[in-house]
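User: I'm new to this one. Can you walk me through it?

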Amino acid sequence: MSETVLELDGVVKEFPGVRALDGVHLQVRAGEVHCLLGQNGAGKSTLIKVLAGVHKPDAGTVTWQGSPVSFANPQAAMKAGIATIYQELDLVDHLSVAENVFLGQEPSRFGFVHRRTAASRTRTVLQRLGHPEIPVHRLVEALPSAGKQIVSMARALSHEAKLIIMDEPSAVLAHDEVANLFRIIRELTAEGIAVVYISHRLEEIREIGDRVTVLKDGRTSAVDLPARTTPTRDLVSKMTGRSIEYVFPPREGTPGEVLLQVSGLSRAQEFHDVSFTVRTGEIVGIAGLVGSGRSELLETVYGARTPESGTVSFAGRNLPAGSVAAAVRAGLGLAPEERKSQALLLAEPVYRNITLTTFGRYAHGGFTDAGREQAEASRIADALELRPRDVRRPAGTLSGGNQQKVVVGRWLLGDTRLLLLDEPTRGVDVGARAELYQVIRDLARRGVGVLLVSSEVPEVLGLADRVLVMREGRLIKQAPAGELTEDDVLDLVMAGSLSPTSS
Amino acid sequence: MTAQTSVVERGGWWRTIPTESLWRNLGLVGVLVVLFVIGAIIRPDLYGDSDWVVNNMLVILQQAAAIGVVTVGVTFVIIGGGIDLSVGALIALAGVWSTTLATQSYGAGGMIFAAIAVGTIAGALNGLLIAYGRLVPFIATLAMLVAARGLAAQISGKQTQVSGNQFINGIATTRVAGIPMLVIILAVAAALGWVLLNRTTFGRRTVAIGSNAEAARLAGINVRRHTLLLYALSGLCCGIGAIMLTSLATSAQAAAAELYELDAIAAAIIGGTLLSGGRGTIVGSMFGVIVFSAITNLFAIANLPTEVQNMVKGGIIVLAVLIQQIRFRSLTALFRKP
């Protein structure tokens, strides 16, 4: 058995009004993948920040490589050999790959950055990560999400980290990219580097994890469970106190007439000649990898991007190209992929976020009606079981799942007839997921059409009536969800990347 | 009923956010008190006379009037996520345009119309460049600053244009119930601004766009049109400010209202408006304007040079922003999900 590199004992961290960590125990060994499980708000993020030197614990001990430590700042933690890859990658978009990798520790001579050394060492690290194709002088902003994550990892390696903390690394990755991530993790652990891996996806934990520590309400509710053999029911019950899994509510009702008709829609480099329909009361799911053009397609239907050719017809009328306002007036709603940057006003109260598209309707002669807005928003908060209920709280104080409820709830007000959902459950904990599934099904039962994009194939299959599979910007398959299995869909989705001739 | 309970749920720490601006305003009142006390120490002879004190306060407000109206517009632009560097130049342009002999021949109504129309149209041009031409607000309004001053100099031939209109000139000397007309105009503009920001859909859209323009756009708000309107509103305020300045000086010139843009932005900032948009108050901005005006007044009373005065103003801006950052940081720490 390998040695313990990191040990936390009774760690407590308090913020005004909330005890985020309330006695956490954690033991990580060299060369293992230690998974951290817990619902949103269980304290995972705070724990990571304690390890990364962002927060100082109020009580308890952190033992790193045999000696007690207290990191004054993130640089100190990094110097000690703990690197953190955050969910929202902390890269500088306007710097190059190499500059990001060596940010803050640039190889220099006489005070001048030695660019050639930085570039060559970056190439070495990228090679080691299996991504020699990433150009070291390219600006980071030009890279896809997966590429940015590789750069983050390269930065961790360049620091010669002994422990790498990964906060939901797979959330921004498509299926085949996750496989590559796992390969890299296995290589790292083979070299004796410990990995703390955080994910909401149990199947990933089964595949990559060695041991699991479960957090619940700021406390450790289970330590050192074997990742592969612990029954899912046990893991879920440790997280929630209830035993639920991914529960899809039963399908009810039958789809009505055609609501949305997309014909020959194209945008260069994004998607090509896409045609499909969505009927009233129908849930249509789009399966595809990141970069398959699915999010771009959704945004184009919504008018947020202008198509180069093709039409979007809604309830028998063509929507003007590239006008979100017209789409919203017609009855479309979008819950975009990036909640925080695309959907929410974080500092504004929850009710103003919920009424962001409808406050004009409640207004009288241009004067807003805050009382009515709060009442309407409260109705939605009740229907969606928003926690906490107070709709005057800033939206930024809510957990990911509850933020998503706010975004979806926005479209429950007013006359939304077609709801576009882009990764509605990303970063949403198990309990809130089940509630969101219920909401989506309820909407369909009431005759609202739903077009859903998700990276999680079981979610698409479990929720949708009909499934569209996208690969490299093309619709390659349309079928009722009942006729497809997870393996079928994965095969279709990934065929392009595995065997290009099979299409 | 549950819907009811969630509306009237008891308060928690987040209740502190509305009072955040209250604390800041109290702080600015404190600064005013300190300035008053300093004045009283320096010139006990003047401050002993209560009539003089009341009158001096009105002078402070009167001096703040034109810049105050402009600051209302600038506050809207900043809350909406933009910046307007052209306000001083637009005042000069509107002032010069409305005091040409040709315009003056249309009488007071014509002059007021000209000033407001010129300001609004130039502001709308800013908005057009920014919203539809995708220019960065800083660049677009900087270009407008240079161009508008140039045009004002061209129109006036670099001469001071005297206003011969008794109505316009009389505005600055009129008092209603002892309160100068210019102060009343400022109060009305501030009140209208407050209502517009806090009680109308226009204000809600402004805050939404300043908080997160992409989210506002995807929620169906016409961000471009609203951005255009924000800069037009700022221009409109400049037009009103131009009339007020013309009335005070009984003349207009291309070099008028120099550096008003910086005073207006600084007043908004020390009043608590976030330069990144999404948050700010009209009341705070007005306090900011009055504090600056009070400093100018105090230096005049104490016979101190304007150089020192500008250094003090600079110091106050830095201090205000430092305090804002500390408070904001503690606030964001709370926002962050543990």
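User: Which residues of α10(B) meet α11(B)?
Analyst: Leu196(B), Leu197(B) and Arg199(B) in α10(B) meet Thr201(B), Phe202(B), Gly203(B), Arg204(B) and Val207(B) in α11(B). Contact means heavy atoms within 4.5 Å. Helices are DSSP runs (H or I, at least four residues) and strands are too (E, at least two), numbered from the N terminus.

User: What's the makeup of that contact?
Analyst: Its residues divide into four nonpolar, two polar and two charged. Here Ala, Val, Leu, Ile, Met, Phe, Trp, Tyr, Cys and Pro count as nonpolar, Asp, Glu, Lys and Arg as charged, and the others, Gly among them, as polar.

User: What kind of model is this?
Analyst: This is a predicted model: local features need pLDDT of at least 70, side-chain atom pairs count only at pLDDT 80 or more, and totals for chains, interfaces and linings use all residues. Residues are numbered from 1 along each chain as its sequence is written, chains are lettered from A and ligands numbered from 1 in the order in which they are written, and side-chain values use heavy atoms, leaving out hydrogens and water.

User: Back to the helices. At what angle do the axes of α10(B) and α11(B) cross?
Analyst: Roughly 70°, and the axes come within 5 Å. The two helices are therefore roughly perpendicular to each other, a label for angles of 65 to 115 degrees. Axes are lines fitted to C-alpha atoms over the stretch in contact, and angles run from 0 to 180 degrees between N-to-C directions.

User: New topic. Is Ala65(B) buried or exposed?
Analyst: Ala65(B) counts as buried because its relative accessibility is 1%. Buried means under 20% relative accessible area and exposed over 50%, with partly exposed in between (1.4 Å probe, protein chains only). Ala65(B) lies in helix α4 (residues 50–79) of chain B.

User: What does Ala65(B) touch?
Analyst: Leu182(B), Val183(B), Leu186(B) and Met244(B), not counting residues up to four places away in sequence.

User: Which residues touch the most other members of the largest nonpolar core?
Analyst: Leu260(A) and Tyr302(A), in a core of 81 residues. Helix α16 (residues 430–445) of chain A gives the largest share, seven residues. A nonpolar core is a set of buried Ala, Val, Leu, Ile, Met, Phe, Trp, Tyr and Cys residues joined through side-chain atoms within 4.5 Å.

User: And the strands: how do β1(A) and β4(A) pair?
Analyst: Strand β1 (residues 4–15) and strand β4 (residues 59–64) of chain A pair in the antiparallel sense over five bridges. Pairing takes at least two DSSP bridges. Glu7(A) stands opposite Thr63(A) in β4(A).

How values were computed
Parallel < 35°, antiparallel > 145°, perpendicular 65-115°, else oblique.
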